[in-house]
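Thanks for asking me to look through this one with you. Have a look at the structure first, and then we can go through it point by point.

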Amino acid sequence: MEGRTGTNLPRIADFNQAVILNAVRHAPDGLSRVELAELTGLSAQSVSNITRRLLDRELITEAGTRVPAGRGKPRTLLRLHPTGHFAIGVHIDPTVTTVALLDLVGDVVASVRTLPASATSPPQLVAAITEAADGLIASTGVDAGRVLGLGIAAPGPFDPGTGVVLEPPLLPEWTRVGLRELLHDATGYPVVLHKDAAAAALAELWRGPRGSAAAFADFVFLYLGTGLGAGLVIGGELLGGSTNNAGEIGHLMVAADGPRCSCGRRGCVGAACMPRNLVAEAADAGLLPSPAPGAGDREIDKLFTALCRLATGAGAARRILEESALRLARGAATVSNLLDVRAVVFGGPIWDRISAVFLPIVRDTLLTTTEARYVHRVTALGSSLGADVGAIGAGCLVLEHAFSTRPSTLLLGSHTGTAEHRAPTAG
Ligand SMILES: [Zn+2]
């Protein structure tokens, strides 16, 4: 499969090694060799051999001991070796581009923000991302040879075979851009590409603390930025669909009225929580200055911040956000009903500004209207990863691939080239 899909993103382990790595990854307190044998079904001898190899390669490390229940001598615990390898995550958004360097457990070592996609041409942005990635590696002293690859999270849809961004509705200059190839050529790293909402869901799986979405094997991540998308996790796996383009829920109809959508109808959930539309509604009500005709995403973003500040009071601004939250909640309930998930996680670039108004409304709607409510609750959660969730998820795309034990749909998103890593400028 790997040959046919043409990926050159490295897997860092063979199948049995990856089984051990994934078991260790899912146990933040560490696992002993005895526990690993019990969990994986591998023999004690196999576990001993595999862990020795993984220790030699600095993919795992011995850290601490645990005394088994009852009696017995303390057992050495194995954990992922955080600095054994690294990944670069790039989140491309119309309002900001974030580049993050992640270690092997998915922690952010360093991150930086650079030009937004809406303000630059694709070649300019590729140059800015390359400079930012090189700068992170140089400033942290990380060995570039330990960087597994570069993940990109961006608004879809994509052609998974070529890594071409097709028609991102909010980035007109980015129509049919071969983003993966451009970034691979500029940085020399293997490149994997996925939609922002899917990457955000993966970030929750990798990095969410206990009690967050990571505690649920089945959840939806509703990603709120300049548009709305869903990342779907079923049975602990990211669900990509046939071309990794699953999760486009923006045109789900949730209201008979509502702002007009790009599809020509009214009442689509994406349009109902799009900052541009909410700003326009507030301007029409005299609450905000009207944005200039053809205002860019960054100007809209500033006005949206002003609207969210006004909405901390109990006036008309708050009612605009509350109506938007109610429509989003209806969409979230429909997606929950479709997939029978246990939780809906909300996040993305605008979430921190709206969560105080939105979270109580979506939480109440999910608890009281989902069809499965007599069987289980559907929990509404805010993402614990803040505004960098897209960049963290982009880096996790690389880690997920490196640890993969299966012919994953994620493989479709990586680059087909064979060029060597280009040596970074320093480090
Ligand atoms: Zn629509």
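Here are my notes, from the overall fold down to one helix.

1. Keep in mind that this is a predicted model. The protein contains 13 helices and 14 strands.

2. Let's start with overall size. A compact globule of 427 residues would have a radius of gyration near 22 Å, and the protein has 22 Å, so the two agree. Along its principal axes, the C-alpha trace spans about 70 × 55 × 35 Å.

3. Of the 427 residues, 54% count as buried. The protein exposes about 17,500 Å², and carbon and sulfur atoms supply 54% of that area.

4. Now try the largest nonpolar core, which has 56 residues. Which of them touch the most other members? They are Ile12, Ile20, Leu21, Leu36, Phe219 and Phe403. Leaving out residues up to four places away in sequence, Phe403 touches several residues, including Ile12, Leu21, Arg25 and Trp206. A second, separate core of 44 residues includes Ala282, Ile300, Ala325 and Ala329.

5. Ile300 also belongs to helix H10, where Asp297, Ile300, Leu303, Phe304, Leu307 and Cys308 are buried. These residues lie on the same side of H10 because they cover an arc of only 150° around the axis. Lys302 and Arg309, on the other side, are exposed. What do the buried residues of H10 pack against? Their partners are helix H9 (275–284), helix H11 (316–339) and helix H12 (351–369).

6. Finally, a length check: at 1.5 Å a residue, the 14 residues of H10 (297–310) should span 20 Å, and the end C-alpha atoms are 20 Å apart, which agrees.

Terms used:
Residues are numbered from 1 along each chain as its sequence is written. This is a predicted model: local features need pLDDT of at least 70, side-chain atom pairs count only at pLDDT 80 or more; totals for chains, interfaces and linings use all residues. Side-chain values use heavy atoms; hydrogens and water are left out. Helices (H or I, at least four residues) and strands (E, at least two) are DSSP runs, numbered from the N terminus. The expected span of a helix is 1.5 Å times one less than its number of residues. Buried means under 20% relative accessible area, exposed over 50%, partly exposed in between (1.4 Å probe, protein chains only). The arc is that of the directions from the helix axis to the C-beta atoms. Contact means heavy atoms within 4.5 Å. A nonpolar core is a set of buried Ala, Val, Leu, Ile, Met, Phe, Trp, Tyr and Cys residues joined through side-chain atoms within 4.5 Å. The radius of gyration is taken over C-alpha atoms; the globule rule is 2.2 Å times the number of residues to the power 0.38. Accessible areas come from the Shrake-Rupley method with a 1.4 Å probe; for residues, only the protein chains shown count as cover.
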